[in-house]
Amino acid sequence: MRILHLIASLDLHGGGPAEVVRLQGKAQAAMGHCVEAASADGEAVDVSSFSFPVHRLGPGNGYAYSRRLAKWLKQNRSRFDVVLVHGLWQYPQQAAYTLLRGHVPYFVYTHGMLDPWFNQSFRMKHMKKLIYWHCIGRRALDAAAAVLFTTDEELLRSSRSFFPYHWQAIVSPLGVEGPQSSVDATEMYAKWPQLRDREYLLFFGRLHVKKGCDLLLKAFARSEAHTGRILVMAGPGELSYEQELQKLATSLGISKRVVWAGMVQGEQKWAMLQQADAFILPSHQENFAMAAVEAMCCGTPVLLSEQVQIQRDVVREGAGFAEPDTLEGTTRLLNRWRMLSDQDRTAMRLSARKAYTALYTVDSATAHLMQQMAAVLRRQQRQATEITPIGPSNAVRQSGT
């Protein structure tokens, strides 16, 4: 199958969707498919970690529109059997409807962007999205071969956000890949020597208001006031928001016990995940949380808010805890972890790795997705062949009955 991934940006600093493209495309190519990706990025965006052809057809504007991208899609759409569109509310979604519809079937990943939390938290943006929904958004999803959700919870929540809709839905989990054995932590400790021989809790992801970073700092000040444990805040973010969080840490009296690591990649990333006491993510909204799954891949227990939509799997498999996305809930997460015996922590580490292997490997997740997509495409082809045009001869026979 010839597959195109269409996305606003392949910049891995921007969060999960670009990483999904990188991992899925790699797995699809290994399965024998021909894979390419197209984005509205300019040449400055680093795509060296992608193992298949990538077309940066920008730079696009704030809507991710690029005339080069539109022209390229028109010229190349016939080369592909299917297109995977990643994300909503930007030009790639519009392009799928206006340029691909009727030429090549496309599937749309919402990547959590239909979650009602955004409507409630960003009222002005919601009004803009309502206009977009009625102009193009709904039609683009309804015309898709299927809309892709990563969990049943994401599908349920997304169904409550915008009306009307008539999409066909597929639920197919994402997968991640990670080291199969222990990673040498020498470089990590050389860069952050304060972590050597110390227990630390790890937040790993974008520093963003939806991630509950402020809750984490406040809960850490409450729960860990009399311990020697360190909190590592690893990930990119807006400078103004990071400075706001740093001021909060200072006012809470924990600034000397918080490490602001910034973007961490490669071997240092995996070493940091493996050496962490536990991973914590008190998000207000998270459709999948790839970083949490990466932690589980490393055998690191995960402490999640109940708004992280893989939390039911985590709790069921004994890979971590989940509590409400409030200050009290986040504090309770930390307290529950702190009160565990060494034996229980070891058991939870084993359960975390076991849950990853059973549920979230990139190969099994991608194989499941391809099976689901193939079934949809076969059904569409069958339905198309069952529709018989009514010509003059048919019209006569019908009128005579």
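Reader: Where is D197 found?

Author: This is a predicted model, where local features need pLDDT of at least 70, side-chain atom pairs count only at pLDDT 80 or more, and totals for chains, interfaces and linings use all residues. Residues are numbered from 1 along each chain as its sequence is written, and side-chain values use heavy atoms, with hydrogens and water left out. Helices (H or I, at least four residues) and strands (E, at least two) are DSSP runs, numbered from the N terminus. D197 is found in the loop between α7 (186–191) and β8.

Reader: Is D197 buried or exposed?

Author: Buried means under 20% relative accessible area, exposed means over 50%, and partly exposed lies in between (1.4 Å probe, protein chains only). D197 has 76% relative accessibility, so D197 counts as exposed.

Reader: What is phi of D197 near?

Author: D197 is a residue other than glycine. Its phi is positive, near 60°.

Reader: W89 also has a positive phi; is W89 buried or exposed?

Author: W89 is not a glycine, and its phi is about 70°. W89 lies in the loop between β4 and α3 (91–100). Its relative accessibility is 14%, so W89 counts as buried.

Reader: Which residues line the largest cavity?

Author: A cavity is a set of points, on a 1 Å grid over the protein atoms alone, where a 1.4 Å probe fits but cannot get out; lining residues have an atom within 4 Å of a point. Grid points are joined across faces, edges and corners, and a volume is the space filled by probe spheres set on the points. The structure holds one cavity of 30 Å³ or more. The lining of the largest cavity is A8, H86, G87, L88, Q90, P92 and Q93.

Reader: How many charged residues does that lining have?

Author: Ala, Val, Leu, Ile, Met, Phe, Trp, Tyr, Cys and Pro count as nonpolar, Asp, Glu, Lys and Arg as charged, and the others, Gly among them, as polar. The lining has three nonpolar and four polar residues. The count of charged residues there is none.

Reader: Which side chain makes a polar contact with the side chain of E323?

Author: E323 is found in strand β13 (residues 320–323). At 9% relative accessibility, E323 is buried. A polar contact is a pair of N or O atoms within 3.5 Å; within protein, one must be able to donate a hydrogen and the other to accept it, and residues adjacent in sequence count only if both atoms are side-chain atoms. The partner, at 2.8 Å, is the side chain of R336.

Reader: How far does a polar atom of the S66 side chain lie from the backbone oxygen of L57?

Author: S66 lies in the loop between β3 and α2. Its relative accessible area is 5%, so S66 is buried. Touching means heavy atoms within 4.5 Å, and S66 touches A40, L57, G58, G60 and Y91, not counting residues up to four places away in sequence. The distance from the L57 backbone oxygen is 2.4 Å.

Reader: Which residue does a cis peptide bond join to G58?

Author: Omega of this bond is about 5°. G58 is joined to P59.

Reader: What is omega near for the cis bond from F163 to P164?

Author: P164 lies in the loop between α6 (152–158) and β7. The peptide bond from F163 to P164 has omega near -10°.

Reader: How far apart are the end C-alpha atoms of α15?

Author: Helix α15 (residues 362–386) has 25 residues. The expected span is 1.5 Å times one less than the number of residues.

Reader: Which residues of helix α10 are buried?

Author: Helix α10 covers residues 266–275. Seven of its ten residues are buried, so α10 is largely enclosed by the rest of the structure. The buried residues are Q268, K269, W270, A271, M272, L273 and Q274.

Key. On a 1 Å grid over the protein atoms alone, a cavity is a set of points where a 1.4 Å probe fits but cannot get out, and a pocket is an open set with protein on both sides within 12 Å along at least five of seven lines; lining residues have an atom within 4 Å of a point.
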